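Here is a short report for someone meeting this structure for the first time. Look at the sequence and the model, then read on.

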2 protein chains.
Amino acid sequence: MDSKFTPGVRPLYQQVYDYLLEQVAAGTWKLGAALPSEQALGQQLGVSQGTVRKALDELASIGVMERRQGKGTFVAVNSEERSLFRFFHLCTPGGDRVTPSATGEKVTRRTATAADMAHLGLAKNAKVIEIKRVRLIEQQPIIFETIIVPATMLAGLDKRKTLPNSLYSLYHSAFGINIGSVQEELRAALADKQDRDRLSVPIGSPLLHIDRIAFGIDGTRVEWRISRCSTAHHVYSIELS
Amino acid sequence: MDSKFTPGVRPLYQQVYDYLLEQVAAGTWKLGAALPSEQALGQQLGVSQGTVRKALDELASIGVMERRQGKGTFVAVNSEERSLFRFFHLCTPGGDRVTPSATGEKVTRRTATAADMAHLGLAKNAKVIEIKRVRLIEQQPIIFETIIVPATMLAGLDKRKTLPNSLYSLYHSAFGINIGSVQEELRAALADKQDRDRLSVPIGSPLLHIDRIAFGIDGTRVEWRISRCSTAHHVYSIELS
DNA sequence: AAGTGGTCTAGACCACGTC
DNA sequence: ACGTGGTCTAGACCACTTC
């Protein structure tokens with residue numbers, strides 16, 4: 001069979017990688033389902049088994065696939081859950097994951113402040129959309145979020161009736177913007193009046209203050225997010241290797 | 001030339017990987033120096049160029065090597081600095097790295113508490129070594145550390161006259177223990193009397209409290225470290241992708 | 001025994017950097 | 001023109017899983 005791919009433009013194995021990733025996103029295979037063998041995929045796509053292998057190895061390295069010797073290659077069951085928790089690190093002190101919900105959104109459109117411009121690399125008088133919301137864990141208000149995005153990059157975001165729990169999936173599906181990496185800066189802070197009102201904690205109690213810049217795949221600054229978290233019953237947990 | 005390596009036991013490319021990593025650690029090549037070409041290494045070591053490539057690719061992926069098409073493979077200039085900063089994340093709000101120093105060590109040997117046992121997976125009545133010290137950034141006390149390790153695993157650590165700034169390099173060189181990963185839990189806390197004495201901050205000021213468990217390559221728990229950090233002028237900075 | 005991924009080899013050609 | 005790493009192929013054999 002002729003190759004489905006155009007050689008020369010981009011490496012074949014990257015095209016195979018992209019193709020397989022699309023198929024997973026499109027739901028061609030269920031979560032946990034086995035893919036065709038390397039040989040079969042190579043014949044289907046008109047490339048050698050080694051090329052398929054390189055693509056699969058990379059997909060396995062980013063957690064989308066799971067490979068088991070003697071059995072096959074599988075769509076990782078975590079590949080959906082991962083996207084939810086990729087950048088969400090609050091969990092119980094034991095290390096168990098918790099699922100947050102969002103409430104009390106307040107969306108406004110305004111001119112960028114000096115801080116907005118600095119964090120998002122915007123020009124003077126640029127417009128931004130600001131979202132303030134509280135995130136709940138087990139019905140308790142735990143995180144007070146302020147989210148600021150360039151209005152031109154996400155035009156119409158402020159017109160939406162509802163916003164999903166996971167904004168990054170909306171950026172992807174509605175605006176074609178993929179968050180590739182984030183830079184976070186964490187500090188300890190004391191709760192002020194606004195924190196007290198939103199999180200029901202006493203003024204002066206300790207809060208974890210997180211400044212996050214989210215970058216698109218191409219490195220553009222997409223979002224500045226300030227999270228003020230009550231860490232009385234949850235912790236920011238991270239594993240480094 | 002015969003292979004330097006024993007086939008069958010571990011994959012050849014892993015043996016090549018280990019060998020090259022040793023050479024870098026031993027200083028066979030200077031930082032930034034070019035390695036022999038893939039072909040040359042393959043002939044030296046008695047394996048094929050493809051096997052060397054796989055080892056070099058993995059070393060590049062963990063940041064030890066840097067590969068440039070048309071030029072060669074180089075020892076990454078950051079590979080030494082990286083080890084210092086691999087698990088140290090305090091920096092200036094701008095994102096610039098700062099180098100900490102350590103002072104005022106107090107080393108004691110005692111029986112493990114319930115908390116020690118839980119964090120390090122120890123049996124009852126096990127002995128631990130506890131190190132308390134303050135870390136300075138630009139002469140200012142910023143972090144108050146409490147470090148707890150199993151006394152049997154690092155026997156004689158409490159007898160040493162001096163301790164280096166980077167304990168993990170000591171664990172490696174003196175005890176043959178390599179830290180492979182760490183699990184960190186971050187909270188916001190308020191300064192108590194001990195914090196005030198060590199860090200010269202008012203009681204009740206906000207501190208970033210970090211609980212870290214360090215794991216050896218084989219997954220054993222090697223160290224529990226509590227860091228209480230003043231984040232008035234520095235932040236815990238991390239990049240995720 | 002048959003099928004899967006894992007390792008290893010050998011050789012071809014391409015893209016990049018240097019001379 | 002030459003040497004480097006980057007890509008791609010084809011084929012061999014091994015280790016693991018299932019039947």
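Four elements each supply at least two residues of the surface near DNA strand C: β1 (65-68) and β2 (72-75) of chain A, and α1 (12-26) and α3 (49-61) of chain B. The model is a predicted one.

**DNA strand C**

There are 20 residues around DNA strand C. The nearest of them are A:Q69, B:L12, B:S48, B:T51 and B:Q69. Which part of the strand do they meet? Of the atoms of DNA strand C that come within 4 Å of the protein, 82% belong to sugar and phosphate.

A polar side-chain atom of A:Q69 is 2.8 Å from a sugar or linking oxygen of DNA strand C. A:R67 also uses its side chain: a polar atom there lies 3.3 Å from a phosphate oxygen. A:E38 uses its backbone instead, with a polar atom 3.1 Å from a phosphate oxygen of DNA strand C.

**DNA strand D**

Now turn to the other strand. The surface near DNA strand D takes at least two residues from each of α1 (12-26) and α3 (49-61) of chain A, and from each of β1 (65-68) and β2 (72-75) of chain B. Around DNA strand D there are 20 residues, of which A:L12, A:S48, A:T51, B:Q69 and B:G70 come nearest. Sugar or phosphate makes up 79% of the atoms of DNA strand D within 4 Å of the protein, and bases make up the rest. The surface near DNA strand D has four nonpolar, nine polar and seven charged residues.

| Residue | Protein atom | Distance to a phosphate oxygen of DNA strand D |
|---|---|---|
| A:S48 | N or O atom in the side chain | 2.8 Å |
| B:E38 | polar backbone atom | 3.1 Å |
| B:T73 | N or O atom in the side chain | 3.4 Å |

**Chain A as a whole**

Step back to chain A. The chain has seven helices and ten strands. It is divided into domain 1 (12-81) and domain 2 (86-236). How many Å separate the centres of the two domains of chain A? The answer is 33 Å, taken over C-alpha atoms. Along the principal axes, the C-alpha atoms of chain A fill a box of roughly 65 × 45 × 35 Å. Chain A has 241 residues, and 44% of them count as buried. Take the contacts in chain A between residues at least 6 apart in sequence: 56% of these join residues at least 24 apart.

**An arginine in chain A**

A:R133 sits in strand β5 (residues 127-137) of chain A. Is A:R133 buried or exposed? A:R133 counts as buried because its relative accessibility is 0%. Its side chain and that of A:E145 are joined by a polar contact of 2.8 Å. The side chain of A:R133 also reaches the backbone oxygen of A:P164, at 3.4 Å. Beyond its neighbours within four places in sequence, A:R133 is in contact with residues including A:A102, A:E105, A:F144, A:N165, A:L167 and A:R225.

**A helix in chain B**

In chain B, helix α6 spans residues 167-175. Its buried residues include B:L167, B:Y168, B:L170 and B:Y171. These four lie on the same side of α6(B), because they cover an arc of only 155° around the axis. What covers the buried residues of α6(B)? The cover includes five elements of chain B: β5 (127-137), β6 (140-150), β7 (179-190), β8 (206-216) and β9 (221-230). After α6(B) comes B:G176, with a positive phi near 65°.

**A histidine in chain B**

B:H233 belongs to the loop between β9 and β10 (235-240) of chain B. The residue is exposed, with a relative accessible area of 62%. Leaving aside neighbours within four places in sequence, B:H233 is in contact with B:T92 and B:P93.

Technical notes
Residues are numbered from 1 along each chain as its sequence is written. Chains are lettered from A and ligands numbered from 1 in the order in which they are written. This is a predicted model: local features need pLDDT of at least 70, side-chain atom pairs count only at pLDDT 80 or more; totals for chains, interfaces and linings use all residues. Side-chain values use heavy atoms; hydrogens and water are left out. Domain bounds come from an automatic or database domain assignment. Buried means under 20% relative accessible area, exposed over 50%, partly exposed in between (1.4 Å probe, protein chains only). The arc is that of the directions from the helix axis to the C-beta atoms. Contact means heavy atoms within 4.5 Å. A residue is near a molecule or strand if one of its heavy atoms lies within 4 Å of it. A polar contact is a pair of N or O atoms within 3.5 Å; within protein, one must be able to donate a hydrogen and the other to accept it, and residues adjacent in sequence count only if both atoms are side-chain atoms. Ala, Val, Leu, Ile, Met, Phe, Trp, Tyr, Cys and Pro count as nonpolar, Asp, Glu, Lys and Arg as charged, and the others, Gly among them, as polar.
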